[in-house]
Amino acid sequence: MSTAPIERPYILHMFTPGAQMSPFDVNMAADAGYQIITPYCGVSLAQITGLTQDAIFSRGPKGVARTGIFIGGRDVLLAADMLDAAKAAMVKPFVVSVFADPSGSYTTAAALVACVEAALKKHHDTGLAGKKVLMLGGGGTVGRIAGVLCARAGAHVALASHRGRAAGDEAAAQTGARFGVELRGASFHNSADLQSELADTDVVMGVAAAGVEVMSAADLAAAPKLLVAADVNAVPPLGIAGVGVMDGGVALPGSVGGKAIALGALAIGNVKYQVQHRLLVQMREAAKPVYFGFDAAFDLARAVLAEA
């Protein structure tokens, strides 16, 4: 009696340095077609090589084609190091795909910057090159990566912290050194600090904690050059006054001269969702191993917007 060969399942090993893997990411992996999804929590950088090689050697060349690794957590610099370590741990022909997206920050930042870039082109016939970009909450997960993407596009980027200039300087120095871009620190500890920065800002991005207003209507009045205001906060109150969660490129009420364009959290989030889903599907379906970080996410976010 002959038996048909067993169809190998699609397995996704999910590594995080945190206490738990994000339920959002687990859901996304399931919806992308992974059949077995296993989180590994409290993972250190030193453990990545061992865990990666444990995942690749047990399935054979056909099995590794149906095996993937996802890297989560909340530290965008550590996630980049973990992605590099996992890639370096591969031993041909035992090579699997890896996707890093800590706290969804890589895909969210990619969607945010791509949406801002598209709005600048559509409404102002310009791009990010040469623009002054202010990240409100720039020391966080999304702000750091969005800052890197803007800097690579030629913008002058300030990572502003509500904890003051020293915290902004630290985030800018760490992130700039890790990814090879020039960033500066800034403060929005109080309205005076914020309005001083806004006086010469072309693009402002609200990337702070959810449910916190970081820029008021009075602050907006102090931004005469503002072209685009984008906010990733979907939890009331609004992060940037006047930017609604569904805004996808409408005029920002109260902006000086009425020229600023508003981009809200759900409009940006729709692009983020598509990017993360498509990258997970691409990883599962890839004929050869792929490695996805925020650069791949940004390229895909641009492509998603070009389809619209």
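This is a predicted model: local features need pLDDT of at least 70, side-chain atom pairs count only at pLDDT 80 or more; totals for chains, interfaces and linings use all residues.
Residues are numbered from 1 along each chain as its sequence is written, and side-chain values use heavy atoms, without hydrogens or water. Local features need pLDDT of at least 70 and side-chain atom pairs count only at pLDDT 80 or more, while totals for chains, interfaces and linings use all residues.

Select strand β9, residues 228–231. Strands (E, at least two residues) and helices (H or I, at least four) are DSSP runs, numbered from the N terminus. Val 228 and Ala 230 point one way, Ala 229 and Asp 231 the other, and all are buried (under 20% relative accessible area; exposed is over 50%, partly exposed in between, with a 1.4 Å probe and protein chains only).

Val 203 stands opposite Val 228.

Now turn to the salt bridges (a side-chain nitrogen of Lys or Arg within 4 Å of a carboxyl oxygen of Asp or Glu). Select Arg 178 and Asp 84, whose closest N and O atoms are 3.2 Å apart. Arg 178 lies in helix α7 and Asp 84 in helix α4, so the pair ties together parts 94 residues apart in sequence.

Stay in helix α7 for Arg 165 and Asp 169, 4 residues apart, about one turn of the helix. They form a salt bridge at 2.9 Å between the closest N and O atoms.

Last, select Lys 132, Asp 200, Asp 202 and Lys 225, which are linked in a network of salt bridges.

Terms used: Two strands pair if DSSP finds at least two bridges between them.
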